[in-house]
Amino acid sequence: MSTYAQKKGFGATLWDYLTTVDHKKIAILYLIAGGFFFVVGGLEAVFIRIQLAVPNNDFVSAGLFNEIITMHGTTMIFLAAMPLVFAFMNAVMPLQIGARDVAFPFVNALGFWLFFFGGVFLNLSWFFDGAPDAGWTSYASLAMASKGHGVDFYVLGLQISGLGTLIGGINFLVTIINMRAPGMTYMRMPLFTWTTFVTSALILFAFPPLTVGLVLMMFDRMFGSNFFVTTMGGNTVIWEHLFWIFGHPEVYILILPAFGIFSEIFPMFSRKRLFGYSSMVFATVLIGFLGFMVWAHHMFTTGLGPVANAIFAVATMAIGVPTGIKIFNWLFTIWGGSVKFTTPMHWALAFIPSFLAGGVTGVMLAAAAADYQYHDTYFVVAHFHYVIVGGVVFAIFAGTHLYWPKMFGTMLNETLGKITFWLFFIGFHMTFFIQHFLGLWGMPRRVFTYLPGQGFETSNLISSIGAVFMSLAVIVMLYNIIMTSVKNVKVGNDPWGDGRTLEWALPSPPPFYNFKQLPLVRGLDAYWLEKMEGKKGMTPAEPLGDIHMPNSSFLPFVIAFGLFVAAFGALFNMDDKAWSVPVIIIGLLITFGAMFLRSVKDDHGFHIHKEELMEDDNDKGVKA
Amino acid sequence: MHAEEKLTHETWPAEPEKSTLEAKNKFLGFWFFLGGETVLFASLFATYLALKDKVPDTTHTLAKDLFDLPLTFVATMLLLTSSLTSVYAMYHMKNFNAKKMNLWLILTLLLGAAFLALEVYEFSHYVHEYHHTFTSSAFGSAFYTLVGFHGAHVAFGLLWITTLIVRNYNRGLDLYNAPKFYVASLYWHFIDVVWVFIFTVVYLMGMVG
Amino acid sequence: MANSQLNSGNPRVDIEYRRKKSAEEMKQQVVSFALMIFLTLIAFAAVAMKGASAWFVVPFILLLAAVQVVFQLYYFMHMKHKGHEAPSMFLYSGLLVGLITILAFTTIIWW
C-alpha cells in the first residue's frame, strides 16, 4: 500500500481497488481473494479430517461429506492455488522483466473479477440447496445423476473463473514477449518469469478443453442435450477425456510457478547463481510440452486398452527426467553456497524431499498395471497432496514471506515465519505420509467413514492430528500478517540483502509506474551484477521522459458481474422458472453492454510528466 | 508516435497494425487467442467425431441422409468470398483509405449475414423435415453445438465489425483504430479457417459416410 | 516505439514503393483466393461423384482442406510476413494439442 493510498479514506481506497488496472494492486486482490478461499478450503479439509478421525463417525452425513470433499478439491485448485500463484505472477513478473505494467492492464483486472465472481458463485451453492457433490473431477456418470443444483454451480462457476484465467494467461504471454526492458533477452529472464511464460502457454491450451467440457455438461444438465446420456447415444468417457486434457496440464500450471519461486529462493539465499540456468529453462519447457501427452494416466482403469495405457504410462514416466534435472540443479545451487536460513529458504529446503516423495509415488502410479491396485485408494490421495502441498503450497508460503516486503513494504516476522514453517512441515508429513500406507492397506478414497477393526483407526487419527498442526501454522501466519501490518516498519529496496533480480532494485512497494527510467539489463541476475560492481542501482536505458499509463476502469467489474447474474438465470432454467430466461438476458446485456461501452469509448490513458517524476524524487530524497 | 495523432498519406506507417506498443500487444495477444480457439474448436470437432451418427434408435436420420450438397456449397462460397472482401478492406487500410475500407467491410458484413441466414434456414430445415434436433440424439447435440459455435462466432464477428465501422465512420483511420480493424479481420479469416474444416469434416465426410 | 517504416528519406518515393508492394500482395491474395475456390470445387466434386471409395475421398478432401487453410493463414492472415514467429509457434502448438485430442476421441472413446 503506497503512501498514496494511505492518505485516502476507506471508501476511496475500496473504489481504488474496484477500478484498479495496476498489476501490483491486482496482485494484492488476488492474494486476498486467494487467501480467503485458501482458508475456506482449509476449513473444509479440517471437517474431512474430523469426520475421518475415528471410525463410524457421524460428524457430517454421507451426502454432506461428498459436498465437502468436492468443494475442498475445487476450491483449493481453482480458487486458492491458481489465484495465489497469479498473485505472485502479477506482483513480480512485470518487475522482473523491467516493464511498467502488463500488456493489457484492463484485461488483467477483468481476469481477476471473472475469477472472483466465479469463485463467489461456486461457493454460494452452500446456501442454495447444496454444494456440488460429484468430486472435483465431476465425472459425468456421477454428475448427471446428482440431484439439486450443486453440479450446476460447479459448471457455471468454473466456466466464469476459467475465462478469467485464460485471458490472464494471454496477458502474461504478451507481456513477456513484448515488454522486456532493453537488454533483457529470453536467456536472461529470471526463472520465475520463464515459468510464468510456460505456465501461461499451458493455460492457453489447457483451458479451452475445460471450457468445452463445461459447456457440454451445462447443455446436458440445463438445456436437454445428450452428450453424456448413454440411452440417447451419448458417452460419459468424453467428459473424462476433456477434463483430464485440461486437468493434467493444470497440475503443471500450478507446479511450474512453484518451481519458479524456488528457483529464485535457492540462488538468493545460497548467494550463488542458479546452477544450470539453461538446462532449467529447457526442463521447464519440456515439462510443459510433455504435460499435454499424459492425461490418460488418470484413466488407466477406465478401460482404454493395453496399447493406450502403455503409451501414456511411458510418456508419464518420461516427465521424471526433466523434473530430475531440476532437482539436481537446485541441489547443486545450494552446494558450496553460503546458505542463509531465512523463512523462504526453510520452505525451499523442505520442498525438495517432500516434492521428491510425491514424484516417486507419481512414477509408481504411472505403471499402468500397478495402478489398478492403487487407483481410488488413499495412496493416490497421499501422492497428489505430496506434490500439490509439498510443491505448490510450500511455494505459496515461501513466496508470501519472500515477496511480502516487495508487495507491502514491510517484512513479515522471521521467528513467527519459522514457527509457521515447522508447524506446517510436521503437520503435513504427519497427515499425508501415513495415507500412503492407508491406501496400500486398502482404504478407498472419498468414503465418508470406515468400520472399526479394519486396521485404519490409528493411522487415520494420526492423519487428523497432523491437520491440527497445519491449522495452527496458518493461524500463526495470519497473526504474523496482522502484527506486521499493524507495526508497519518500512523497508528499503532490497530487504533480504541478497536480491538478484530487477524487482529488488525498486522501492518496496514500487511506485505505480514501477520504473522511472527503464533499466539496462546486462546479464542474468541483472541487479546482482550491478551490486557486485559496487553500484547502488540499475543503469537507466533511456532519458527521463513522460510515462504513459492506463486509466482506471470500473468496467471489468461490471463485465464479470453481468456473467454472474446470467449464471443464476441459466442455473434455474432447468426448474422451468419463468424468470430464468429474463435473468440470463439481463446478465448478458450487462456484460455485452459494458464490453460495447469499452469498445466505443476511447481510452488513451494519461501521461505522467517528466516534471512530476522529478518532484517525486525530491519528495523522497532521491533514491535511484 | 501517439496513437490518437492525425496522420497523412506520408506519415501513415507501412504496418499500422503494429506501429505502437499497444498495437503490437493487441496483435500478438489476438494471435494467441486464436491459438486457444484452435484448441477449443478441435475439442468440439473431436466431440462431434466421437458422437457422429450416435442415435438412440434406427428411426433417427444419420449424417449421410441429412446434408444437402448445394446448400453447403453456397454457404461455403459466401464465407470464402467474405474472406476475400475483408482482405480488400485491409489492403485499403494499409493504403490509408478509410472510405474504401468501410465499403469492403460492409460487403463482408453482408456476405456474413447471408451465410448466417442460410445457416438458420438449414437448421430449421433439419428440425422440421428430419426431426433432427438439439435434444433428439447425441449426434444432434454434437452437430448443433459444433456448427452452432461457429455460427455464434460469425454472429459475434458481425456485431464487432459493425461496431467498429459505426464508431469510426466519421473520424477516419488512426493508429488507435487501425489495429482494431486488423485484428477484427484476423478473426474473420479464422472463422473461415474453421468453416473449411466444418464443410470438409462435417458435411463432405458426412455425405461420404 | 519502433516503427518498421520503410525509409528512403523521400516520403513520396516511399509511398510509391509501398503502394506497389501492397498492390503486388493484393494480386497474390486474389490468386490464392482463386486457388481456394478451385480446391473447394474439387472437394465438392469428389463427394458429388458417387463412384469413388470413401477410403480415397476422405483423406483427399482433408488434404485439400489443409492446403486451403495454409493459403488462408499465410496469404490472407499474412503469416508469411516477418514478425509472425510467435503467432505461428502458438498456432501450431494449439494445432498439435488439438490434433492429439481428435486422435484420442476417434480411437479410445468407444471400444
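Modeller: Val558(A) has its place in helix H19 of chain A, which covers residues 555-572. The model is a predicted one, and what follows should be read with that in mind. Val558(A) is partly exposed, because 18 other C-beta atoms lie within 10 Å, and a residue is counted as buried at 20 or more. Once its neighbours within four places in sequence are left aside, Val558(A) is in contact with Ile590(A) and Ala594(A).

Elsewhere in chain A, two helix pairs show how helices pack. Helix H4 (residues 62-96) and helix H7 (residues 150-178) of chain A have axes that come within 12 Å and cross at roughly 15°; H4(A) and H7(A) are therefore roughly parallel to each other, and H4(A) passes H7(A) in a left-handed crossing. On the H4(A) side the residues that meet H7(A) include Glu67(A), Phe78(A), Met82(A) and Phe86(A), and on the H7(A) side they include Tyr154(A), Leu158(A), Gly168(A) and Phe172(A). By class, this contact of H4(A) with H7(A) has 9 nonpolar, 6 polar and 1 charged residues.

The second pair is helix H8 (residues 191-222) and helix H10 (residues 277-290) of chain A, which pack at an angle of about 15° with their axes 10 Å apart. H8(A) and H10(A) are therefore roughly parallel to each other, and their crossing is right-handed. Leu191(A), Trp194(A), Thr195(A), Val198(A), Ala201(A) and Leu202(A) of H8(A) make the contact with Met280(A), Val281(A), Thr284(A), Val285(A) and Gly288(A) of H10(A). This contact of H8(A) with H10(A) has 8 nonpolar, 3 polar and no charged residues.

Beyond chain A, the contacts between chains can be followed from chain B. Its contact with chain A takes 32 residues from chain B and 33 residues from chain A. On the side of chain B that touches chain A, helix H1 (21-51) and helix H5 (138-168) of chain B each supply at least two residues, and H1(B) gives the most, with 16 residues. That side of chain B divides by class into 17 nonpolar, 11 polar and 4 charged residues.

The contact of chain B with chain C takes 47 residues from chain B and 48 residues from chain C. Here H1, helix H3 (69-94) and helix H6 (178-208) of chain B each supply at least two residues of the side that touches chain C, and the largest share, 16 residues, comes from H1(B). By class, this side of chain B has 28 nonpolar, 14 polar and 5 charged residues.

Chain C itself has 3 helices and 0 strands, following the pattern α-α-α along the sequence. Buried residues make up 24% of its 111 residues, and among the contacts in chain C with a separation of 6 or more, 39% join residues 24 or more positions apart.

How values were computed. Residues numbered from 1 in each chain as written. Chains lettered and ligands numbered in written order. Predicted model: local features only at pLDDT ≥ 70, side-chain atom pairs only at ≥ 80, totals over all residues. Contact = placed C-beta atoms within 7 Å. Helix = DSSP H or I, 4+ residues; strand = E, 2+ residues; numbered from the N terminus. Nonpolar A, V, L, I, M, F, W, Y, C, P; charged D, E, K, R; others polar. Axes fitted to C-alpha atoms, helices over the stretch in contact; angles between N-to-C directions. Parallel < 35°, antiparallel > 145°, perpendicular 65-115°, else oblique. Left-handed = near helix turned anticlockwise from the far one by under 90°. Buried ≥ 20, exposed ≤ 12 C-beta atoms within 10 Å, placed from the backbone.
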